[in-house]
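Biologist: I am new to this structure. Could you take me through it by question and answer?

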Amino acid sequence: MSSSSNETDLNRHEHAGRTRATALITGLLTASLSHLVAAKAETKPSKSYVRRKPWPGGVNATTEFPDDRALPALEAIRAADLAGAIRAAGLGDGPVGFSLRGYSPGSRATFEVRAGGRRVAVKAYAEDPASEAALYEALAAAGLGGESDVRVPPLLAWERDLRVLVIGWLDGPTTRDLVRSGQGRRAGELAARWFQRTASLSVKLGTPVGVRDVMDWARTWVATLSADDPALGTAAVALAESLERKQPTEGTPRLVHGTLYARHLIDLGDGPGVIDWQRFGQGPMELDAGTFLATISRIGLLDKTRETEALQAQEAFLAGTAGLLDKRSLAWHEAAMLLRLAGKQNRRHDDRWRERACALLGESTRLAETAG
Ligand SMILES: Nc1ncnc2c1ncn2[C@@H]1O[C@H](COP(=O)(O)OP(=O)(O)O)[C@@H](O)[C@H]1O
Ligand SMILES: [Mg+2]
């Protein structure tokens, strides 16, 4: 076979692949967006929630569309869009708008997709998202679906070959937005409701994660800080040693979210919703609670005008989870997460990152003393 006919074969093959991918993504989006219309008609309207103050849109919301070969769904969406194929049937065939809400090059991209007043989240990955898809289904089956006041997004569609998930959009301010807009107590209460409701869940999916893993990660966070700034590195080394000495004994593992940042908990009006389950596993509840509290503390530590709100959120959270969590283990996990957040401060390469890292390390050191 000559090289030119090889190329022709290759082109034909590529073309067929693209056509299939375009059809798949079009089908997926159309089905998801029109499913919402049908679902809306079937379910009773949820109690409306009147936002008292406006909240800022996602800080990362942009109209940019990354070009990333590691995420096969991106190419498919672009091709389908160019072909004018993405139209939401049942919504007057109107245009479908994409906004990029999160992007980690080579790993994942998340879009808010709107059509005819409806929204879904499209999550494109480099790795197979089958386990995350299975988790959304298991959580819905366990009672955290659309009828519940404590819920996760419904899985609307997914396609293994394209490594893409389409999930329902959970609308409302995040607990981070609440703390920043003066509603700390509400943020803490909502998060506590999440733990009250999920403490008894028996979803067994996910790989084990716990104190040993956190200690392993801590070594990399310390290394990052040491490389960026020797003085901060010294403080981080001492902190990691203290965490090493005070490792808590772990309770019965249960489903953990893995990245329960304040921005992943949403105020749905009648209860909390939790998004972004990519890093779920089986581990101690204190890992999620410590992550939540660390991201709340961070708000007050880095913005003194929000200090009181952050403290109120923490107080309300602790009051609402009394008896559910081990305090020493919680302090340990919060301290570890603050170390992690300190290690991320230099990402913005501004001249105040040391000050921020120092504030986070200080709080982490204080907490580590009460931990274990
Ligand atoms: N189902 C959803 N409902 C509401 N907002 C969402 C949803 N999925 C994603 N978002 C928004 O997009 C952002 C990025 O999505 P996320 O799932 O956290 O992915 P990642 O952190 O991996 O980029 C979230 O912080 C949130 O603002
Ligand atoms: Mg996220």
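Modeller: The questions below concern a predicted model and take up a metal site, aromatic rings and a pair of helices.

Biologist: Which protein residues are the donors of the magnesium ion (ligand 2)?

Modeller: The donor atoms lie 2.1 to 2.2 Å from the ion. One is an NE2 atom and the other an OD atom. The residues that supply them are His 264 and Asp 276.

Biologist: How many residues apart in sequence are the parts that His 264 and Asp 276 tie together?

Modeller: His 264 lies in the loop between β6 (254-256) and β7 (265-267). Asp 276 lies in the loop between β8 (272-274) and β9 (281-283). The pair therefore ties together parts whose separation in sequence is twelve residues.

Biologist: Is His 264 buried or exposed, and what about Asp 276?

Modeller: Buried means under 20% relative accessible area. His 264 falls in this class, and so does Asp 276: buried.

Biologist: Why is the pair of Phe 65 and Phe 111 classed as it is?

Modeller: The structure holds six aromatic pairs. In the pair of Phe 65 and Phe 111, the ring centres are 5.0 Å apart and the planes are at 25°. Planes under 30 degrees apart count as stacked. The pair is therefore stacked.

Biologist: Where in the chain are Phe 65 and Phe 111, and how many residues apart?

Modeller: Phe 65 is in the loop between α1 (3-42) and α2 (72-82). Phe 111 is in strand β2 (residues 108-115). The pair links distant parts of the chain, with a separation of 46 residues.

Biologist: Which residues do ring pairs link into a cluster with Phe 98?

Modeller: The cluster is built from ring pairs. Besides Phe 98, its members are Phe 65 and Phe 111.

Biologist: How are helices α6 and α10 oriented to each other?

Modeller: Helix α6 (residues 211-228) and helix α10 (residues 327-343) pack with their axes 9 Å apart, at an angle of about 30°. Their contacts bring residues of α6, including Val 211, Met 215 and Trp 221, against residues of α10, among them Trp 332, Ala 336 and Leu 339. The crossing is left-handed. Angles under 35 degrees count as roughly parallel, so α6 and α10 are roughly parallel.

Technical notes
Residues are numbered from 1 along each chain as its sequence is written. Chains are lettered from A and ligands numbered from 1 in the order in which they are written. This is a predicted model: local features need pLDDT of at least 70, side-chain atom pairs count only at pLDDT 80 or more; totals for chains, interfaces and linings use all residues. Side-chain values use heavy atoms; hydrogens and water are left out. Donors are N, O and S atoms within 2.8 Å of the metal (3.2 Å for Na, K and Ca); water is not among the atoms, so sites may look incomplete. Helices (H or I, at least four residues) and strands (E, at least two) are DSSP runs, numbered from the N terminus. Buried means under 20% relative accessible area, exposed over 50%, partly exposed in between (1.4 Å probe, protein chains only). Rings of Phe, Tyr and Trp (its six-membered ring) pair if their centres lie within 6.5 Å; planes under 30 degrees apart count as stacked, over 60 as edge-to-face and the rest as tilted. Axes are lines fitted to C-alpha atoms, for helices over the stretch in contact, and angles run from 0 to 180 degrees between N-to-C directions. Angles under 35 degrees count as roughly parallel, over 145 as roughly antiparallel, 65 to 115 as roughly perpendicular and the rest as oblique. A crossing is left-handed if the near helix is turned anticlockwise from the far one by less than a right angle, and right-handed if clockwise. Contact means heavy atoms within 4.5 Å.
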